[in-house]
Amino acid sequence: MTEKRAKDVVHAEVEVITEGGIQNDMALPTQIYPKHLYLIPIASRPFFPGQVQPIVLSGEYWKETIQKIGETEQKMVGLVYTSNIPAQETAPEDFATIGCMGKVLKPTMEESNIHFICQGMQRFRIRRWLGKKVPFLVEVEYPNESDEQISMDDTETRAYALSIISAVKELVQANPLHGEELKQALQYFSPNEPAPLTDFAATLTTASGDELQKVLETIPVLKRMQRVFPLLNKEVEITKLHGEISKDVNTKINKRQRKFFLREQLKTIQKELGITKEDRKSDAEEFEKRLEKLHPPEAVADRIEDELKKLSFLEKGSQEYAVTRNYLDWMSSVPWGVYSEDKLGIKQAKEILDRDHDGLNDVKERIIEFLAVGVYKKEIAGSIMLLVGPPGVGKTSIGRSVADAMGREFYRFSLGGMRDEAEIKGHRRTYIGSMPGKFVQALKEAKTANPVIMLDEIDKVGASFRGDPASALLEVLDPEQNADFLDHYLDLRVDLSKVLFICTANQLDTIPGPLLDRMEMIRLSGYITEEKMEIARNHLWPKALNKAGLKKGQLKISDAALKLLIEGYAREAGVRKTEKQLLKIVRKTVVKLLEEPDAKVSVTVKNLEKYLGKPFFRKESLITGVGVVTGLAWTALGGVTLAVEAAAVERKNGGFKQTGQLGDVMRESAEIAYSFLLSNAKRYGVKKDFYKNHFIHLHVPEGATPKDGPSAGITMTSALLSLGLGKKIKRNLAMTGELTLTGKVLPVGGIKEKVISAKRNNINELILPEANRGDVESLPDHIQEGLTIHFASNYDQVAKVLLPAFTETGR
């Protein structure tokens, strides 16, 4: 259909809505186009000349506009694209500059909406606005017809026209949505009239409204064809791809439908013959029902299909049937391709960590940094965290909080005492009672393929003739390998790369180096008294009351009593003993409430012994005297203070002895301290030949407890120096650091735990290695508060701190 034919619609009946009702009019032959047009916005895509399409408008909003159009002689309307802006909200500045004039045919009112058919006639350009409110009225101008004329002798133009016709035919044939009428209409277009051909081709595409508006605004035909042809080619490619996808989907659907119909026929036949459904068919249907909700990889789906076929041939009472059924049960219980959606919000994560934990600000900051990377990537995967710290500091509960903050399922199992690698990688199916490994069991329990799995007590994994579980963990805890983790029972690759692993340990010595290298370590040190009081008041005490079903008003404990409980009954790095003592108070209170239901109990310093007995730890002053120095040590239970004592007995040729169940490294440290002072006695003011004429005995109290490590080097040296000078140091001074034979002070570990231990014992002056200055500066302010810390890189700097602090004691 040419644009000229589209304009010459002869004797088309028009029904115009007026105030008095509907009247009939006739469309006249070609006539002069009106200079003024009433506009109607088109939101989704622009209208083109030659296009015939029904339009629906709100009668309440556009009734007046349609009436005004009906009162005009030619019944023309201006259709202008407004880029998805609702018609009721359209303002003059929202209208495009160029639109399409159309003929209004057969307007009717149905259910408060106006329906009419519009026939696109000619492009127009808005020159001036005459009415900026509904009904919108504008003065327009029309492109010169010469702009749309083109010589068909031009090879490029004719090539474009033929290419467009070819592409349109291909599109019409490939797209089932285009009917026979459209295919017949295509026959009326000719390469000799490229303008209407190009507009028609543009209307067939699913290009965006903005792209089509650019086509409408392009007046020269050749340029218009150059814009439309790429859109048309893209549409052809999309249609072909859609057809291929539809074909694949239909093939799969037909295959499933065929199986469904055959099963239904089989059920009907069995019902008619009175044959009951066998148990194995019931099992198979149950497994298939589970698999409908999963998205297993192709290899897994093929294996399951093979096993289902095998199950259908096996006798129910055979041993092989039980093995196959158990295998299918596990295969259909693993959440293949099922992932929970992560809650990637730093603010929410901070709130949850603060809600569940008091203190541990440095640990929380590390966890927030870890989660922030996942938020930025919009994916948290392939990560393994190791939480190291003494018992009772909250390692497991932090893991639960991380899972809660991410919105993931949480699964925990302990590795303590595990000696069989089959616990990790699963048993072979050849064994009776074989099962998958713990990680497949975790996925089944969590019902998602991206849970948070906590591996508790990873430092206590054992080894036996059954294998080494720690070595088996190397594959699981390696982000580069765990995407293809092989479980021996399933005998298939399982993707663990989306799982967040959180491991816990009390110490690092027993964790193999290659395994430790795969994990990001976060240290959790012990708590000081103030932090324990906050934890007890905000978490442990409400939890203890809730366990017993008590209300806050029935049992109260004062802050002073709580502090005495922590320092006298639960002196530890964590808060586990504190919780046990609080539960003991609650239990005794419940006994009393059963005898006196209306009683209200208040626990104070005066009556605390009534509930807990005598304190286990008394406030003892640190050991002081000549040859006695307080050191700082690290243990798996946190930091502790350690007294080092030295005594001298006059004897020719001297001698040196150490006691206190010292390990090899600590014995070497003592011998280094003794040799260093022998060679430097005069330098530090010790009498000549003092060490040669005295037998020196060095002892570390609590002899039943094994001790080892190099960090007592400067402590032992200071004790021997105190002994040689006959002077003692004040009791609120403690130290730690390794000493070399040349007097260098080397760094040591566990600085945070040692500083907390000193603060817990009211020691306010410390001597630490210079190389550990960074560890101290990273400590929270509330731990450093009130402490005077001296840093030493050699023993001369230690002596400068010690000598002014000495007080004469007479020997």
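The place of Ser 112 is in the loop between strand β6 (98-110) and strand β7, helices and strands here being DSSP runs (H or I of at least four residues for helices, E of at least two for strands) numbered from the N terminus. This is a predicted model, in which local features need pLDDT of at least 70, side-chain atom pairs count only at pLDDT 80 or more, and totals for chains, interfaces and linings use all residues. Residues are numbered from 1 along each chain as its sequence is written, and side-chain values use heavy atoms, with hydrogens and water left out.

**Overall composition**

The protein has 28 helices and 28 strands. Of its 811 residues, 47% are buried, where buried means under 20% relative accessible area, exposed over 50% and partly exposed in between (1.4 Å probe, protein chains only). Among contacts with a separation of 6 or more, 75% are between residues 24 or more positions apart; a contact means heavy atoms within 4.5 Å.

**Backbone features in loops**

Ser 112 has a positive phi of about 65° although it is not a glycine. Ser 112 is exposed, with a relative accessible area of 54%. Gln 661 is another residue other than glycine with a positive phi, near 55°, and its place is in the loop between β20 (655-659) and α23 (664-680). At 42% relative accessibility, Gln 661 counts as partly exposed. A cis peptide bond, with omega near 0°, runs from Val 134 to Pro 135. Pro 135 lies in the loop between β7 (113-131) and β8 (137-141).

Two packed helices are described by the angle between their axes and the distance between the axes. In this model the axes are lines fitted to C-alpha atoms, for helices over the stretch in contact, and angles run from 0 to 180 degrees between N-to-C directions.

| Helix pair | Axes come within | Crossing angle |
|---|---|---|
| α20 and α21 | 10 Å | roughly 125° |
| α19 and α21 | 9 Å | roughly 40° |

α19 is oblique to α21, and α20 and α21 are likewise oblique to each other. The classes are roughly parallel for angles under 35 degrees, roughly antiparallel over 145, roughly perpendicular from 65 to 115, and oblique for the rest. The crossing of α20 and α21 is right-handed, and α19 also passes α21 in a right-handed crossing. A crossing is right-handed if the near helix is turned clockwise from the far one by less than a right angle, and left-handed if anticlockwise.

On the α20 side, Leu 562, Leu 565, Ile 566 and Tyr 569 meet Thr 578, Gln 581, Leu 582 and Ile 585 of α21. By class, this contact has 6 nonpolar, 2 polar and no charged residues. Ala, Val, Leu, Ile, Met, Phe, Trp, Tyr, Cys and Pro count as nonpolar, Asp, Glu, Lys and Arg as charged, and the others, Gly among them, as polar.

The α19 side includes Ala 536, Leu 540, Trp 541 and Lys 543, and the α21 residues that α19 meets include Thr 578, Glu 579, Leu 582 and Val 590. The contact of α19 with α21 has 11 nonpolar, 1 polar and 3 charged residues.

The buried residues of α21 are Thr 578, Glu 579, Gln 581, Leu 582, Leu 583, Ile 585, Val 586, Thr 589 and Leu 593. They are covered by elements including α19 (529-548), β16 (555-557), α20, β17 (601-603) and α22 (608-612). At 1.5 Å a residue, the 20 residues of α21 should span 28 Å, and the end C-alpha atoms are 30 Å apart, which agrees; the expected span is 1.5 Å times one less than the number of residues.

The 12 residues of α14 (residues 395-406) should span 16 Å at 1.5 Å a residue, and its end C-alpha atoms are 17 Å apart, which agrees. Buried residues of α14 include Ile 398, Val 402 and Met 406. Among the elements covering the buried residues of α14 are α12 (346-356), α13 (361-377) and β9 (383-388). Gly 407 follows α14 and has a positive phi, near 75°.

In α6 (residues 194-204), 10 of the 11 residues are buried, so α6 is largely enclosed by the rest of the structure. Among the buried residues are Leu 197, Asp 199 and Phe 200.

**Gly 639**

Gly 639 is found in strand β19 (residues 638-650) and is buried, with a relative accessible area of 10%. Gly 639 and Pro 390 are 249 residues apart in sequence and 9.3 Å apart in space, C-alpha to C-alpha. Leaving aside neighbours within four places in sequence, Gly 639 is in contact with Ala 633, Trp 634, Glu 753, Lys 754, Ser 757 and Arg 760.
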